[in-house]
Amino acid sequence: MRKRFLLLLALVLSLSVKVKAGDNEGRIGVGFGALYKNGLDVTLSFEMESSYHNCWEIFLNGYLKWDECETSGHVCKDSFWKNYRTWGGGVAWKPCIKRGKNNYGSLRIGGSVGSDLDEVIGGVHLGYEHNFRLNHGWQLYCGGKVDCIINGEDLFRTGIVIGFKIPVK
């Protein structure tokens, strides 16, 4: 009788305790990307996870496009840093489409608004991001992205991104 009571008590406790395995976390992320043609971008983000690794992301993004120097024919300091630059901020929805042990993959669908230092630009962002869970809740991610920039110098930007995320309690 005593064994049955302890088994029933263990069953009731296991059903009443909510297990938290990474759900509903917040994370701060930093990502670096190489985009076609001659572009680099940096993204700072705050991610709020809901159930099953689906999440919302609020992000700030900076983009730099370099060109060859007209006088020397290769990339120099002025043609790298003083060419076309943009910045922006936006929101992205990231539904999880693949789950594995210590990794998951998400689509990234979002929009942004910003400036290219002359006028206002908008952006529609699509991509795939694969996350790998590390120790202490840290995450490493890599993915591909396509940005459609409205009212900017280049209409489409496509490339790869790699970065990391730090959990926020």
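Close-up 1. Lysine 37 sits in the loop between β1 (26-36) and β2. This is a predicted model, and the peptide bond joining tyrosine 36 and lysine 37 comes out cis, with omega at about 0°.

**Close-up 2. Two non-glycine residues with positive phi.** One of them is tyrosine 52, whose phi is near 55°, a positive value in a residue other than glycine. You'll find tyrosine 52 in the loop between β2 and β3, and at 56% relative accessibility it counts as exposed. The other is leucine 117, with phi near 75°, again positive and again not a glycine. Leucine 117 belongs to the loop between β6 and β7.

**Close-up 3. The largest cavity.** Rolling a probe the size of a water molecule over the atoms shows where empty space is left. Here the count comes to 2 cavities of 30 Å³ or more, and the largest holds about 190 Å³ of space. Its lining is made of 13 residues, and Arg108, Glu129, Tyr141, Lys145 and Val161 are the ones nearest the centre. Which strands each supply at least two residues of this lining? They are β2 (39-49), β7 (120-133) and β8 (139-150).

Close-up 4. At least two lining residues come from each of β3 (55-65), β4 (84-94), β6 (103-115), β7 and β8. The largest share, 4 residues, is supplied by β7. Sorted by type, the lining has 5 nonpolar, 8 polar and 2 charged residues.

Close-up 5. A disulfide is a covalent bond between the sulfur atoms of two cysteines. The count of disulfides in this model is 0.

**Close-up 6. Tryptophan 56 and tryptophan 93, a tilted pair.** A pair of aromatic rings is described by the distance of the centres and the angle of the planes. Searching the whole structure turns up 2 aromatic pairs. In the pair shown here, the rings of tryptophan 56 and tryptophan 93 have centres 4.9 Å apart and planes at 45°, so the pair is tilted. Tryptophan 56 is in strand β3 and tryptophan 93 in strand β4, so the contact ties together parts that are 37 residues apart in sequence. Tryptophan 56 is partly exposed, with a relative accessible area of 45%. Tryptophan 93 also counts as partly exposed, at 28% relative accessibility.

**Close-up 7. Tryptophan 138 and phenylalanine 164, a stacked pair.** The ring centres of tryptophan 138 and phenylalanine 164 are 6.2 Å apart and the planes meet at 15°, so this pair is stacked. It links distant parts of the chain, 26 residues apart: tryptophan 138 is in the loop between β7 and β8, while phenylalanine 164 is in strand β9 (residues 156-168). Tryptophan 138 counts as partly exposed at 39% relative accessibility, and phenylalanine 164 counts as partly exposed at 32%.

**Close-up 8. Charges sitting over rings.** What sits over the ring of phenylalanine 59? It's the charged end of arginine 108, at 4.7 Å from the ring centre. Arginine 108 also turns up among the residues nearest the centre of the largest cavity. In another contact, lysine 165 lies over the face of tyrosine 141, 4.9 Å from the ring centre. Tyrosine 141 is likewise one of the residues nearest the centre of the largest cavity.

Notes. Residues numbered from 1 in each chain as written. Predicted model: local features only at pLDDT ≥ 70, side-chain atom pairs only at ≥ 80, totals over all residues. Heavy atoms only, no water. 1 Å grid on protein atoms, 1.4 Å probe; cavity = no way out; pocket = protein on both sides within 12 Å on 5 of 7 lines; lining within 4 Å. Points joined across faces, edges and corners; volume = space filled by probe spheres on them. Nonpolar A, V, L, I, M, F, W, Y, C, P; charged D, E, K, R; others polar. Disulfide = S-S within 2.5 Å. Phe/Tyr/Trp six-rings, centres within 6.5 Å; stacked < 30°, edge-to-face > 60°. Buried < 20%, exposed > 50% of the residue type's maximum accessible area, 1.4 Å probe, protein only. Lys NZ or Arg CZ within 6 Å of the ring centre and 35° of its normal.
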